[in-house]
Amino acid sequence: MNLKEKLNLLEGELIRIESPILRLLRDSNDGFDRDQTAHVLTNLGMCPLQMLLDFYDWATGADENILFNINNQVKLSTIGNPAKVSITTSLYMLDATTDDFFCT
């Protein structure tokens, strides 16, 4: 089963249990489409994987209101929610500039 198929199954389950996370991950669209996401990541010296682009096609990621709200109880996984591309790339550029990478 490929990632797209797994994401479709996950989406069906999230809809079935009426989880708000799907809406939260999709409402924060930062205007990036698949090609723009690949372009931005390539310009940062990365080689974007198809699975990553597939994920961002499925859900654009959480915005700062969800990511940095310590009281947020809505999480896609135990490590939290995936960030939208603009946040991810901004944090990467900051970390690369300061040579101070955040590790979990």
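Start with Trp58: leaving out residues up to four places away in sequence, it touches Leu7, Leu10, Glu11, Leu14, Leu22 and Arg26. Keep in mind that this is a predicted model. Trp58 is one of the buried residues of helix H4, along with Leu53, Asp54, Phe55 and Tyr56. What do the buried residues of H4 pack against? They sit against H1, H2, H3 and helix H6, which covers residues 85-98.

Let's zoom out for a moment. The protein chain has 6 helices and 0 strands, so if you read along the sequence, the pattern is α-α-α-α-α-α. There are 104 residues in the protein chain, and buried ones make up 31% of them. Now take the contacts with a separation of 6 or more: 59% of these are between residues 24 or more positions apart.

Back to Trp58, which also turns up in the largest nonpolar core. That core has 13 residues, and the ones that touch the most other members are Leu14, Leu25, Phe55, Trp58 and Ala59. Which elements give two or more residues to this core? They are helix H1 (3-16), helix H2 (21-27) and H4. H2 gives the most, with 4 residues. There's a general pattern to go with this: in soluble globular proteins, nonpolar side chains tend to be buried together.

The axes of H1 and H4 come within 10 Å and cross at roughly 30°. Angles under 35 degrees count as roughly parallel, and that is why H1 and H4 are described as roughly parallel to each other. Their crossing is right-handed. On the H1 side, the contact is made by Leu3, Lys4, Leu7, Leu10, Glu11 and Leu14, while H4 brings Met51, Asp54, Phe55 and Trp58. Sort the residues of this contact by type and you get 7 nonpolar, no polar and 3 charged.

Now turn to H3 (residues 34-43) and H4 (residues 50-58). How do these two helices pack? Their angle is about 135°, with the axes 10 Å apart. H3 and H4 are therefore oblique to each other, and this crossing is right-handed. H3 makes the contact with Arg34, Thr37, Ala38 and Leu41, and H4 makes it with Gln50, Leu52, Leu53, Asp54 and Asp57. Here the residues divide into 4 nonpolar, 2 polar and 3 charged.

Asp63 is in the loop between H4 and helix H5 (64-67). Is Asp63 buried or exposed? Its relative accessibility is 17%, and since buried means under 20%, Asp63 counts as buried. Asp63 and Asp27 are 36 residues apart in sequence, yet their C-alpha atoms are 8.6 Å apart in space. Another pair to look for is Arg23 and Ala62, which are 39 residues apart along the chain, with 9.6 Å between their C-alpha atoms. Arg23 lies in helix H2 and is partly exposed, with a relative accessible area of 47%.

Finally, a couple of spots toward the start of the chain. Met1 lies in the segment before H1. Met1 is exposed, with a relative accessible area of 63%. Even so, if you leave aside its neighbours within four places in sequence, Met1 is in contact with Lys6 and Leu9.

Further along, find the loop between H1 and H2, where Glu18 has its place. What stands out about the phi of Glu18? It is positive, about 60°, although Glu18 is not a glycine. Glu18 is also exposed, with a relative accessible area of 69%.

Note on methods:
Residues are numbered from 1 along each chain as its sequence is written. This is a predicted model: local features need pLDDT of at least 70, side-chain atom pairs count only at pLDDT 80 or more; totals for chains, interfaces and linings use all residues. Side-chain values use heavy atoms; hydrogens and water are left out. Axes are lines fitted to C-alpha atoms, for helices over the stretch in contact, and angles run from 0 to 180 degrees between N-to-C directions. Angles under 35 degrees count as roughly parallel, over 145 as roughly antiparallel, 65 to 115 as roughly perpendicular and the rest as oblique. A crossing is left-handed if the near helix is turned anticlockwise from the far one by less than a right angle, and right-handed if clockwise. Contact means heavy atoms within 4.5 Å. Ala, Val, Leu, Ile, Met, Phe, Trp, Tyr, Cys and Pro count as nonpolar, Asp, Glu, Lys and Arg as charged, and the others, Gly among them, as polar. A nonpolar core is a set of buried Ala, Val, Leu, Ile, Met, Phe, Trp, Tyr and Cys residues joined through side-chain atoms within 4.5 Å. Buried means under 20% relative accessible area, exposed over 50%, partly exposed in between (1.4 Å probe, protein chains only).
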